[in-house]
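Hi,

Here is the structure I promised to pass on. Have a look at it first, and then read my notes below.

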Amino acid sequence: MIYEVECWSRWLLHTRFRGPHGKEALDFLAAIRDRVLDRAQLRPGDYVLDVGSGDGLLAFGALHRVGPSGLVVVDDISQDVLDECARVALTAGVVNRMKFVRNSATSLSDVPDGSIDAVLTRSVLMYVQDKQAAAAEFRRVLRPGGRISLFEPISRIKVDRHRFGINPGPIAELAERVEAAFRLAQLPETDSMLDYDERDLLRLFGEAGFSRLDLELHIKSRCDRRDSQWFDAMLSRQANPRLPSLQEAITSALTADEAAAYIAYYRQAVATVGVTTREAFVYLSGNMGS
Ligand SMILES: C[S@@+](CC[C@H](N)C(=O)[O-])C[C@H]1O[C@@H](n2cnc3c(N)ncnc32)[C@H](O)[C@@H]1O
């Protein structure tokens, strides 16, 4: 299997926190990290596996909690992000308490059966088409009594909404063409980011043999007025590596005059009507019966 992995390192290491709201995003992630780690009930000496580690948000947090007698196995499909984690670990003097493996979540072949106390993952299953295979692998690598703790967005909640939650009114036809460019990149019916919800995750992990599952669903909606600087950041932001930026979608779908009308409409609307965001995500934890 050939992984399209370059997109991950580019997006994770270089573009994800670009723009004036990078600090906000980092604070948001730190709160998620702490909650995932709390729910995993890590203990000193535990062996922990972080699946889809990215730049090590969970892995480095876990390292602190398992202490010098524990081990953190850092897994990702991207060699570049693993190299970056290893570089940070080396600099911090903790590389001997970590192990780095390049496996897909659906085939953790470098992790032996029953060798792990807790599997952690954040925003990775959303990119995995065969989530059932991933759940089975998490079970395989866990010791009896081992735990999972994960966080995943439920992105389906965003399908079929107006961009920025704003009625496009007079530019509806232009807006539809821009949205079609996004749909082309990510088919809502079959894309791994959009084809599941919280009940699917609960069912998948139940069927994989986890007992005592505990799922917290968070749904948030808010409306805020936003300025031109925010709008410019949104134009260039790539929400995930599979999608074009808004500017790229506009350029591919509209003529220059149409693009100017589209941008002018939304630039004004975000400042006057406001942007309504809606997001849903879950924390899921569970045990393997001992
Ligand atoms: C949104 S990032 C999350 C990174 C990290 N877990 C965090 O909390 O910051 C998704 C990560 O999953 C990795 N990934 C994508 N598909 C994967 C798969 N099938 N198996 C393992 N890792 C995968 C990507 O390389 C990327 O590092």
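Helix α6 goes past helix α9 in a right-handed crossing. Bear in mind that this is a predicted model, so take everything here as a description of that model. In general, you describe two packed helices by how far apart their axes are and by the angle between those axes. For this pair, α6 covers residues 172-185 and α9 covers residues 246-253, and their axes come within 9 Å, crossing at roughly 115 degrees. Angles of 65 to 115 count as roughly perpendicular, and that is why α6 is roughly perpendicular to α9.

Which residues in α6 and α9 meet? From α6 you have Arg177, Val178, Ala180, Ala181 and Phe182, and on the α9 side there are Ala249, Ile250, Ser252 and Ala253. Sort the residues of this contact by type and you get seven nonpolar, one polar and one charged.

Let's go through some of the strand pairs, beginning with the parallel ones:

- β1 (residues 47-51) and β2 (residues 71-75) run parallel and are joined by five bridges. Leu49 has Val73 in β2 as its bridge partner.
- β2 and β3 also run parallel, with four bridges between them. Here Val73 has Lys99 in β3 as its bridge partner. To get from β2 to β3, the chain goes through helix α4 (residues 79-92), and this β-α-β crossover is right-handed.

- β5 and β7 run antiparallel, joined by seven bridges. Leu150 stands opposite Leu284 in β7.
- β6 and β7 run antiparallel too, joined by twelve bridges. Ser221 stands opposite Arg278 in β7.

Cheers

Terms used. Residues numbered from 1 in each chain as written. Predicted model: local features only at pLDDT ≥ 70, side-chain atom pairs only at ≥ 80, totals over all residues. Axes fitted to C-alpha atoms, helices over the stretch in contact; angles between N-to-C directions. Helix = DSSP H or I, 4+ residues; strand = E, 2+ residues; numbered from the N terminus. Parallel < 35°, antiparallel > 145°, perpendicular 65-115°, else oblique. Left-handed = near helix turned anticlockwise from the far one by under 90°. Contact = placed C-beta atoms within 7 Å. Nonpolar A, V, L, I, M, F, W, Y, C, P; charged D, E, K, R; others polar. Pairing = 2+ DSSP bridges. Right-handed = clockwise from strand over helix to strand, strands pointing away.
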